[in-house]
Amino acid sequence: MRQDARSLLERLEQQALAYYDFTDRVSEIEMWPIFETLLRDPRIVGTRSAAAREVEQVGVSVIAAPASVPPPAEAPASLFRTYEQEVSAPEPVRIRPQEPKLRDFITRIGRSDDA
Amino acid sequence: MTLVLVRSPKGGVGTTFLAARLSIALAARGRDVHAVDCTSQDSLKLFFGLGTRQPLQPFGETDAVVVASGVRLTQGHEASRHAGFADRLATLLSDQICFVDISASDAELRDRLLPHAALEICAITPTPIALAALTKVDADTPVIELEHTAFVLNQTDDRRRLSGDIHALIRTLMGDALLGTVRRDEAVNEALAAVKPLAAHAPTSAALSDLERLADALERRLGLVHAPAASAAR
């Protein structure tokens, strides 16, 4: 427990309570298979969405912070446009297995999420 | 009339709860609000502290309309079967904000009313089945392209792993289309069992504070208030 939370609870004589700090869940998100299933579904993301196309690609995963911070609602498509540009770049930074790519996508969005 | 549809393709996610509580919240802010129960379940009134045997006037009959927590309540299931229901809503409720509670199985009514609505609110819960039901929100338009639909994630519990993960996913996927979240609070069901409004049964309910923020967001989305230059945390 954080020391300031502990001190406050002691002053309030509520030592039976505990303070839990919820960390940024986006960085810890578990890639449940249903997440990937839904993010491939055109009824969710559309057929012309770059996000839907990207999930189908087999290739490298480039770990890089986006140059700009897009609005969260547009984040999937705009980040994937950035990703596609990097895929065509001369040298990828790192090669990862396909399964964690969705985790990277979610993590990158989390870094750019202003909320 | 400002028409707000409240409907989810998944039943049991809190659609009626949200229709009731948002109408109560806006009425408490001085708005002229009417809530129409278009479900055969007839449970909207329960969230206002009314009993199961309390009849509501059929929509369109203006005598002895029940008013609870500042909201006019009518039963619209029968009236909604008729093709001219949307026009009747506009005619009879011209100066009011009208929340229409639509059951999950009634996609036809939703599709019929949507062109007349200022907003559709779609409730989901942080469960795999509710996530899967997102594929059924609209037959023609992908979820992330819906322009008149806002989502509310209801019954969140970030202490639970899957619930927290789904919360993070929805927040990321929906962006501004996520109107807000409401924490899971047993006090909601307790209030129903006590046949009392939530605010009367549990004034310190976590869900109530979430609903206030949700009402703030709804008013901004409907253009009833202007967004502050710098939002302050409550």
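## Basis of the description

In this predicted model, local features need pLDDT of at least 70 and side-chain atom pairs count only at pLDDT 80 or more, whereas totals for chains, interfaces and linings use all residues. Residues are numbered from 1 along each chain as its sequence is written, chains are lettered from A and ligands numbered from 1 in the order in which they are written, and side-chain values use heavy atoms, with hydrogens and water left out.

## Chain A

Chain A has seven helices and zero strands, where helices (H or I, at least four residues) and strands (E, at least two) are DSSP runs numbered from the N terminus. Of its 115 residues, 36% count as buried, a term that stands for under 20% relative accessible area, with exposed meaning over 50% and partly exposed lying in between (1.4 Å probe, protein chains only). Among the contacts in chain A with a separation of 6 or more, 67% come from residues 24 or more positions apart; contact here means heavy atoms within 4.5 Å.

Helix α1 of chain B covers residues 15-28, and its 14 residues reach 20 Å from the first C-alpha to the last, close to the 20 Å expected at 1.5 Å a residue; the expected span is 1.5 Å times one less than the number of residues. The helix is mostly covered, with 13 of its 14 residues buried, and it is followed by Gly30(B), whose phi is positive, near 90°.

α1(B) packs with helix α8 (residues 206-221) of chain B at an angle of about 70°, their axes being 9 Å apart. That makes α1(B) roughly perpendicular to α8(B). Axes are lines fitted to C-alpha atoms, for helices over the stretch in contact, and angles run from 0 to 180 degrees between N-to-C directions; those under 35 degrees count as roughly parallel, over 145 as roughly antiparallel, 65 to 115 as roughly perpendicular and the rest as oblique. Residues of α1(B) in this contact include Phe17(B), Leu18(B) and Arg21(B), and those of α8(B) include Leu208(B), Leu211(B) and Glu212(B).

## Helix α2 of chain B

In helix α2 (residues 85-92) of chain B, the buried residues are Phe85(B), Ala86(B) and Leu89(B). Seen down the axis of α2(B), these residues fall within an arc of 105°, so they line one face of the helix; the arc is that of the directions from the helix axis to the C-beta atoms. They pack against β1 (2-6), β2 (33-37), β6 (97-101) and α3 (107-113) of chain B, while the face turned away from the buried side carries the exposed residues Asp87(B) and Thr91(B).

## Val33 in strand β2

Val33(B) has its place in strand β2 of chain B and, at 0% relative accessibility, counts as buried.

Most residues other than glycine have a negative phi. Gln155(B), although not a glycine, has a positive phi of about 65°; Gln155(B) is found in strand β8 (residues 149-156) of chain B and is partly exposed, with a relative accessible area of 32%. Val195(B) also has a positive phi, near 55°, and lies in the loop between α6 (186-193) and α7 (198-201) of chain B, where it counts as partly exposed at 43% relative accessibility.
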